Amino acid sequence: IDLKNRGQLAGNTAVSTAMCNLGFVRAMEAHGIEVLQTAVGDRHVLQAMRDNGYVIGGEQSGHTILLRHNSTGDGLMTACQFISVCVRNGMTAAQAAAQMTRFPQELVNVKVADKGALAGNEAIAQAIAAAEEALGNDGRVLVRPSGTEPLIRVMVEAATNEVAAQHARAIAQVVEDELA
């Protein structure tokens, strides 16, 4: 938001991964900022930034890339930039953080025999579609194979923890029934 206000947000876009919190996307939309989502991993964020000339990106794990300063997530540099934004805008850290309302997320990891079998599985696709329909604009579903383990990761965001957990468990049960 600060970069946009100072005319330094290239392409009026921030880059994040598909795992970013829906609250972040909504906060950016409220300020007229687009969010380009990539595959999980800061290397994908960096590649999208370089390919498109964007200056800021990151992932929920805390890796923030401010490309004008460096090409990796550097916690100390990010902290210094955050403090600079707070000082420049006369905000406390809590006021700056309040720019975004975090949606509750429920993540369920399901151990599977073949994570590649997720693609094209009709029962899982139907479970995802049912959850997405029930959530409407008040949540989202992300089901993906782990990049490093024999797992399918089921992530659901919703307005409440209970709703997120309910849908995540329901989808995870179908994944387990179909692929475990």
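A residue counts as buried when its relative accessible area is under 20%, as exposed when that area is over 50%, and as partly exposed in between, using a 1.4 Å probe and protein chains only. Keep that in mind as we walk through this predicted model, in which local features need pLDDT of at least 70, side-chain atom pairs count only at pLDDT 80 or more, and totals for chains, interfaces and linings use all residues. Residues are numbered from 1 along each chain as its sequence is written, and side-chain values use heavy atoms, with hydrogens and water left out.

Let us begin with the salt bridges, where a side-chain nitrogen of Lys or Arg lies within 4 Å of a carboxyl oxygen of Asp or Glu. The structure has four of them. In one, Arg-153 pairs with Glu-149, and their closest N and O atoms are 3.1 Å apart. Arg-153 is buried, at 14% relative accessibility, while Glu-149 is partly exposed at 37%.

Now turn to Asp-2, which forms a salt bridge with Arg-6 at 2.8 Å between the closest N and O atoms. Asp-2 also meets the side chain of Arg-88 in a salt bridge, again 2.8 Å from N to O. This second pair links distant parts of the chain, 86 residues apart: Arg-88 sits in helix α4 (residues 75–89) and Asp-2 in helix α1 (residues 2–5). Helices here are DSSP runs of H or I with at least four residues, numbered from the N terminus. Asp-2 is buried, with 9% relative accessibility, whereas Arg-6 is partly exposed at 34% and Arg-88 is partly exposed at 41%.

Next, how do two helices pack? Two packed helices are described by the angle between their axes and the distance between the axes. Helix α6 (residues 122–135) and helix α7 (residues 161–179) have axes that come within 9 Å and cross at roughly 170°. The two are therefore roughly antiparallel, a label for angles over 145 degrees. The axes are lines fitted to C-alpha atoms over the stretch in contact, and angles run from 0 to 180 degrees between N-to-C directions.

Contact means heavy atoms within 4.5 Å. Among the residues making it are Ala-123, Ile-124 and Leu-135 of α6, and Val-163, His-167 and Glu-178 of α7.

Methods
Parallel < 35°, antiparallel > 145°, perpendicular 65-115°, else oblique.
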